[in-house]
Amino acid sequence: MAISYKKLWKLLIDKDMKKKDLQCAAGISSASVTKLGKNENVNTEILQKICTALNCDVSDIMEMLPDEDLQK
């Protein structure tokens, strides 16, 4: 299983936000945003900050996918 943050990027589009806007609103580092962009692991504190900033649930920004689905 692997993590996908595609839902986060779609949510940002819906809210007319850029990655830099998310970084400022959530108070997270650019390194964390980069990790999210690469579907890498991030601390749950980062996810909590994002959910608080976007007023959403963690399931609104990420999902678990079988490894083969990420290669598509």
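1. Start with Asn39, which sits in the loop between H3 and H4. Helices here are DSSP runs of H or I with at least four residues, strands are runs of E with at least two, and both are numbered from the N terminus. Phi of Asn39 is near 55°, a positive value in a residue other than glycine. Asn39 counts as partly exposed because its relative accessibility is 29%. The cut-offs are these: buried is under 20% relative accessible area, exposed is over 50%, and partly exposed is in between (1.4 Å probe, protein chains only).

2. A word on the source. The model is predicted, so local features need pLDDT of at least 70 and side-chain atom pairs count only at pLDDT 80 or more, while totals for chains, interfaces and linings use all residues. Residues are numbered from 1 along each chain as its sequence is written, and side-chain values use heavy atoms, with hydrogens and water left out.

3. Now compare Asp16. Asp16 lies in the loop between H1 and H2, and takes its positive phi of about 55° just after H1. Asp16 is not a glycine either. Is Asp16 buried or exposed? Asp16 counts as exposed, because its relative accessibility is 70%.

4. Look at H1 next. Its buried residues are Leu8, Trp9, Leu11 and Leu12. Seen down the axis of H1, they fall within an arc of 160° (taken from the directions from the helix axis to the C-beta atoms), so they line one face of the helix. On the other side of H1, Lys6, Lys10, Ile13 and Asp14 are exposed. Which helices do the buried residues of H1 pack against? They pack against H2, H3 and H4. Contact here means heavy atoms within 4.5 Å.

5. The largest nonpolar core has 20 residues. Such a core is a set of buried Ala, Val, Leu, Ile, Met, Phe, Trp, Tyr and Cys residues joined through side-chain atoms within 4.5 Å. Tyr5, Leu8, Leu36, Ile50, Leu54 and Ile61 touch the most other members. H1 (6-14), H2 (19-26), H3 (30-37) and H4 (44-54) each supply at least two residues of this core. The largest share, five residues, comes from H4. In soluble globular proteins, nonpolar side chains tend to be buried together.

6. Not counting residues up to four places away in sequence, Leu54 touches Leu8, Leu11, Leu12, Lys15, Met17, Leu22 and Ile61.

7. How do H2 and H4 pack? Their angle is about 100°, and their axes are 9 Å apart. Axes are lines fitted to C-alpha atoms, for helices over the stretch in contact, and angles run from 0 to 180 degrees between N-to-C directions. H2 and H4 are therefore roughly perpendicular. Angles of 65 to 115 degrees get that name; under 35 is roughly parallel, over 145 roughly antiparallel, and the rest oblique. H2 brings Leu22, Ala25 and Ala26 to the contact, and H4 brings Lys49, Ile50, Ala53 and Leu54. These residues divide into six nonpolar, no polar and one charged. Nonpolar covers Ala, Val, Leu, Ile, Met, Phe, Trp, Tyr, Cys and Pro; charged covers Asp, Glu, Lys and Arg; the others, Gly among them, are polar.

8. Two buried residues remain. Ser32 is in H3 and is buried at 10% relative accessibility. Beyond its neighbours within four places in sequence, Ser32 is in contact with Val42 and Ile46. Met62 is in the loop between H4 and S2 (63-65), and is buried at 16%.
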